[in-house]
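Reader: Hey, can you walk me through this one? Keep it short, please.
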Amino acid sequence: MNRNKTVSLIGLSMKAGKVASGEFSTEKAVKTGKARLVIVADEASANTKKKFQNMCLYYKVPCYFFGEKTELGRAIGKEFRASLAILDENLGQAIEQQLNA
């Protein structure tokens, strides 16, 4: 996995306006069917991880644990984020390929 490439793709998604960040927005994106990929910080609480893992399983959205809260936040130009959803199909697939590599 190439961390820099993954972070760059997340930043590109943000610039394209295809990111929902924060717990509430991510949850809403998944439940409305807009989310193509969910990323949760490795250091998020066990409750948050379990919540998103179960939700993504139910709604059939890929869910990955990646990076730290500050790293995810910096990638999208915010302070810190525990979770974010990628809303674009192609960007979601590109990020998923990097996470699986």
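Author: One term to begin with: a charge sits over a ring if NZ of Lys or CZ of Arg is within 6 Å of the ring centre and within 35 degrees of the ring normal. This is a predicted model, so local features need pLDDT of at least 70 and side-chain atom pairs count only at pLDDT 80 or more, while totals for chains, interfaces and linings use all residues. Residues are numbered from 1 along each chain as its sequence is written, and side-chain values use heavy atoms, with hydrogens and water left out.

Reader: OK, which ring does the charged end of lysine 51 sit over?
Author: The ring of phenylalanine 52. The distance to the ring centre is 5.6 Å. Lysine 49 also lies over a ring face, that of phenylalanine 65, at 5.4 Å from the centre.

Reader: How many aromatic pairs are there in the whole structure?
Author: The search finds 1. Rings of Phe, Tyr and Trp (its six-membered ring) pair if their centres lie within 6.5 Å; planes under 30 degrees apart are stacked, over 60 edge-to-face, the rest tilted. Here tyrosine 58 and tyrosine 59 have ring centres 5.0 Å apart and planes at 85°, so the pair is edge-to-face.

Reader: Is tyrosine 58 buried or exposed?
Author: Exposed, at 64% relative accessibility. Buried means under 20% relative accessible area, exposed over 50%, and partly exposed in between (1.4 Å probe, protein chains only). Tyrosine 59 is partly exposed, at 36%.

Reader: New topic. How many helices and strands does the chain have?
Author: There are 5 helices and 4 strands. Helices (H or I, at least four residues) and strands (E, at least two) are DSSP runs, numbered from the N terminus. The order from the N terminus is α-β-α-β-α-β-α-β-α.

Reader: And why is the chain called as compact as a globular protein of that length?
Author: Its radius of gyration is 12 Å, close to the 13 Å from the globule rule for 101 residues, so it is as compact as a globular protein of that length. That radius is taken over C-alpha atoms, and the rule is 2.2 Å times the number of residues to the power 0.38. The C-alpha trace spans about 30 × 25 × 25 Å along its principal axes.

Reader: What's in the largest nonpolar core?
Author: It has 16 residues. Ile10, Ile39, Leu72, Leu84, Ile86 and Ile95 touch the most other members. Such a core is a set of buried Ala, Val, Leu, Ile, Met, Phe, Trp, Tyr and Cys residues joined through side-chain atoms within 4.5 Å. Elements giving two or more residues include helix 1 (3–15), strand 2 (37–40) and helix 5 (89–100). Helix 5 gives the largest share, 3 residues.

Reader: What does isoleucine 39 contact, leaving aside neighbours within four places in sequence?
Author: Ile10, Tyr64, Phe66, Leu72, Ala82, Ser83, Leu84 and Ile95. Contact means heavy atoms within 4.5 Å. A second, separate core has 13 residues, among them Ala20 and Cys56.

Reader: Back to helix 5. Is glycine 92 buried or exposed?
Author: Buried, at 3% relative accessibility. Glycine 92 is in helix 5. Beyond neighbours within four places in sequence, glycine 92 contacts Leu37 and Ile86.

Reader: Last one. What phi does lysine 60 have?
Author: A positive one, about 55°, although lysine 60 is not a glycine. Most residues other than glycine have a negative phi. Lysine 60 is in the loop between helix 3 (46–59) and strand 3 (63–65). It counts as exposed, at 74% relative accessibility.
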